[in-house]
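Thanks for sending this one over. Here are my notes, in numbered points, to read alongside the structure.

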Amino acid sequence: MADLSLAAVKSAVLIFLLLTTFAYMTLLERKLLGKFQVRYGPNRVGPLGLLQPLADGVKLLFKESFRPAQVDVIVYLVAPTITMVTSLVVYAVIPFGPEVSFFGRRVTLYLADVNVGILLILAASSIGVYGIILGGWSSNNKYSLLGSLRSSAQLISYELALSLAVIAVVLTAGTLSLVEIVEAQQRLWFVALQPVGFLIFLVAAIAETNRAPFDLPEAEQELVAGYQTEYGGFKFAMFYFGEYIGIVTMSALATTLFWGGWNGPLLPPVVWFALKSFVFIFFLIWLRATMPRVRHDQLMAFGWKFLVPVGLLNIVVTSIWVILRQT
Amino acid sequence: MNELTRETLVLNMGPHHPSTHGVLRLIVELEGELVLGTEPVIGYLHTGFEKEMETRTYHQNIVFPPRIEYLATMIEEHAYVLAVEKLLGIRPPARAEVIRIMMAELSRIASHLVWLGTSAVDVNVSSLLMYCFNDRERILDILEMVSGQRMMHGYMRIGGLQWDLPDGFEQAVRAVIDDMPGRLEEYERLLGDNLIWRKRTEGIAVLNADDALRYGCTGPVLRGSGVGYDVRRAFPYGGYDEYEFEVPLGRAGDAYDRYLVRMEEMRQSCRIIRQALERLEPGPVLVDDRKVALPPRRELVRSMEAVIHQFKLVSEGIRPPVGEVYSAVESPRGEKGYYIVSDGSNRPSRVRVRSASFNNLQALPVMVFRNQVADIVVAIASIDIVLGDVDR
C-alpha cells in the first residue's frame, strides 16, 4: 500500500514537473530564438516574460473548442490525446537519479525499473505516431493529410535508425534496463564507445521529434501547419505538449544512453541529469535557428540509404567487439 | 488517360498561404508530392493604379510607383520620372543623376535583402530574415534621412530631385556599404556553405534560357539562366553608362544560380554606390526649366514671373507634348517599364506599367513541373515576386 501511494505521489510530481517543463520549454525556445535572431523574444508578461507560458496556457484553455465541418469526430478528438499520453508514459522508466534517502525512506528517482525499459520507450513513441496519422486523416483537410502522410513515413523510417543506435548501446551495456545502462556507464560514458551510434541517435532523434531541419510534417511554408492545421485551443496544446515533451524525452534518452545519465562529479545526480538534458535541448533549438529544412524525399533517402546501413554496420562492429571482449 | 484512374490531388495554395509572398493563389495538381501542373491565379491585389494615374497630373503621379512595387521604392520613382523626362526631352543636372543612381542602388540592395531573408525563411532559416531586415532597416534609415520617408518617398521630381542630400549622408552611406560585403559573406557562409540549402536549391526550379526568353522573363530570373540582359547595360539610362559594374550570370538556371546572381548584384550595387560617391560634385539638383520644375523659393519674393510659374505648375502641372514613350529601368525583379501616352494635356491619357514580376511569375508552372510540392515554395522565392507589382 505504501509502495502504491509512493508511486502515486511520484507520478503526480512527475506530471507536474513535465507540465511545467513543457510550459517553460516554449518560453525557453522563444527566448533563445529571439537571441539568435537579434531580437528580444517575449518580455511583456511578468518579469522577463516569465509568465508568458501561463498566459498562453490560459488563452488556449479558454479558446472556443472549434471543430471544422465533416471531421471524423471521435478520431479527431482522440488523436491529440494519443500524442499527449504516449509522450507522458515514457517517463515511467526514465531514471533521473539513483536512490536517495527521503524522510528516512529510500526512494528511487524513477517510477519503474522495468527490465525492458528501452523497449517500452520505443513502443510508446511508436504509438505516438498514431496521434499524428489519425489527426491528419480525420481533419478532412488536404494539408493535414499531406502532413500526416509525411509524418508517418518519416517517423517510421527514423524509428528504425533510432532503434539500431539503441541496440548498439544495449549490446554494449548488456541490458535493456535503463537504470542498469546508466550504472554501466559509471567509469566510461558510452559516447566514447559508441560515437557512431550517438551520431545516428542524434539525427534520428531530431527527425523523431519533428524538429528542424527535419520538421517536415508541419512545414509551415508548404503545408501551413501540417497535421495540426485544423486543431485549435486545447487540442492544439495537447499536440504541442506531445511534441515538446518528445524533445525532452529524446534529450533525456540521449543523456541516459550515451552521456552517463546521472553520473558526474560534485553536483547531485539529478542536477547532472538535468544539465546534460538541457544541453541537448539547447542544441535542438540552436539547430532550428540555423538550418534550412530538407525536402521530404531527401529526408527519406538519407534515412534509408545512409542512416540505416550505417546503423546496421555499427551493430555488426559492436557485436564483434562484445564477443571479443567476452572471450 | 481515363479520368477515373488518374490519382491526382488538386491542392489550392493560397491566396492566404504562408509562403506565397502575398495574395497569390496557385492551383496545384499533385501526384503524391509530385507537381503535375500549376496554375497561378492573380489579381487579388489589383489596385487600379494605372487607371488612377490618368486622373492626376504628372507630378502627382510620382507617389504611385513606389506603391505599385513597395520593395524597391526609389527605383520605381526613377522609372516613372525617367519616362516623363523622355516625353519632355529633358535631362536632369549631373548631381541629380548621381544621387538618383545612389538611391536606386540602395533600393536594389534593400529589395534583394528582403528577397534573401524571405527566401531563406521559406526553407525555414528563420534567423536570416531578421538579419536581413536589420540590414535593410539601415538602408531605409538612409532613405528616410534623405527623403523624410522610409518607403513611399516621393523624393524624385520630374527634372531632378525634391531637395539636395542632407548633412552626414556620405558617412551614413559609407558605413552601410562598407559593412555590406562582410555581411553578405556571412550570409553566404550560413546558406551557401550549408549542404541542405544547396540540396534544396541546386537543380530545383530550373528554367532554361529558351523558356526564360519565351516567357519574357527579365532580371535575375533571366540572368540566372545565363542570358546577359541587364537594362542598365543594354539600354543605359540616367547615366549608368559611366559606371563600372559587372552583370553576374548564372548557368544552370536553377534557384541556386538565381541566388548567386542576386548576391553578386548586391556587391555590384555597393560598387556603383562607391563610384557615385566619388562623382558627387556640388551643383543644382533640379533643372532650371521653369515650365517643368518649381522655381526656388527665394525667387518668389522678387520675381512676379516666378510666382506665375509656381502658380501654373502647382495648379495645373506640366503639359508635355503630344506623343508616347516607353522607358525602362532595371528593377531588382527585372525590366520595369513605363509606357506613357500624352495627349498634350496636364494628365497622361494612358499609363501602362510593364512589370517584371508579372512575366517572371508566368514561368512558374514551367519551373516546378515534376518537382516536389516543397519546391514550389523555393521556386516562388527564387522568382522574387511582389504581388502589388504583378497585379498593379
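1. Tyr229(B) counts as buried because its relative accessibility is 18%, under the 20% cut-off. Please keep in mind throughout that this is a predicted model.

2. Over all chains, the structure holds 21 aromatic pairs. In one of them, the ring centres of Tyr229(B) and Phe235(B) are 6.4 Å apart and the planes stand at 70 degrees, so this pair is edge-to-face.

3. Two arginines in chain B sit over rings. Arg262(B) lies over the face of Trp115(B), 4.8 Å from the ring centre. The charged end of Arg279(B) is placed over the ring of Tyr243(B), at 4.6 Å from its centre.

4. Now to the charged pairs. Side chains of opposite charge can pair when their charged atoms come close. A search of the whole structure gives 38 salt bridges over all chains. One of them joins Glu202(B) to Arg198(B), with 3.0 Å from N to O. Glu202(B) is partly exposed at 37% relative accessible area, and Arg198(B) is partly exposed at 27%.

5. Which parts of the chain does the salt bridge between Glu244(B) and Arg271(B) link? These side chains meet at 3.7 Å, N to O. The pair links distant parts of the chain, with Glu244(B) in the loop between α10 (231-234) and α11 (255-279) of chain B and Arg271(B) in helix α11, 27 residues apart. Glu244(B) is exposed, with 54% relative accessible area, while Arg271(B) is partly exposed, with 27%.

6. Helix α11 of chain B also holds both Glu264(B) and Arg267(B), which are 3 residues apart, about one turn of the helix. Their side chains form a salt bridge of 3.5 Å, N to O. Both are partly exposed: Glu264(B) at 25% relative accessible area and Arg267(B) at 24%. Salt bridges with shared partners also join Glu105(B), Arg108(B), Arg223(B), Asp230(B), Arg232(B), Glu265(B) and Glu330(B) into one network.

7. Last, the surface of chain A. Tyr24(A), Leu48(A), Leu50(A), Leu51(A) and Leu54(A) make a nonpolar surface patch of about 480 Å². Among them, Leu48(A) is found in the loop between α1 (2-36) and α2 (52-61), and this leucine is exposed, with a relative accessible area of 64%.

How values were computed. Residues numbered from 1 in each chain as written. Chains lettered and ligands numbered in written order. Predicted model: local features only at pLDDT ≥ 70, side-chain atom pairs only at ≥ 80, totals over all residues. Heavy atoms only, no water. Patch = residues over 30% accessible without salt bridge, like charges linked within 9 Å, V, L, I, M, F, W, Y side chains within 5 Å. Areas by Shrake-Rupley, 256 points an atom, 1.4 Å probe, with all protein chains shown as cover. Salt bridge = Lys/Arg side-chain N within 4 Å of Asp/Glu carboxyl O. Helix = DSSP H or I, 4+ residues; strand = E, 2+ residues; numbered from the N terminus. Buried < 20%, exposed > 50% of the residue type's maximum accessible area, 1.4 Å probe, protein only. Phe/Tyr/Trp six-rings, centres within 6.5 Å; stacked < 30°, edge-to-face > 60°. Lys NZ or Arg CZ within 6 Å of the ring centre and 35° of its normal.
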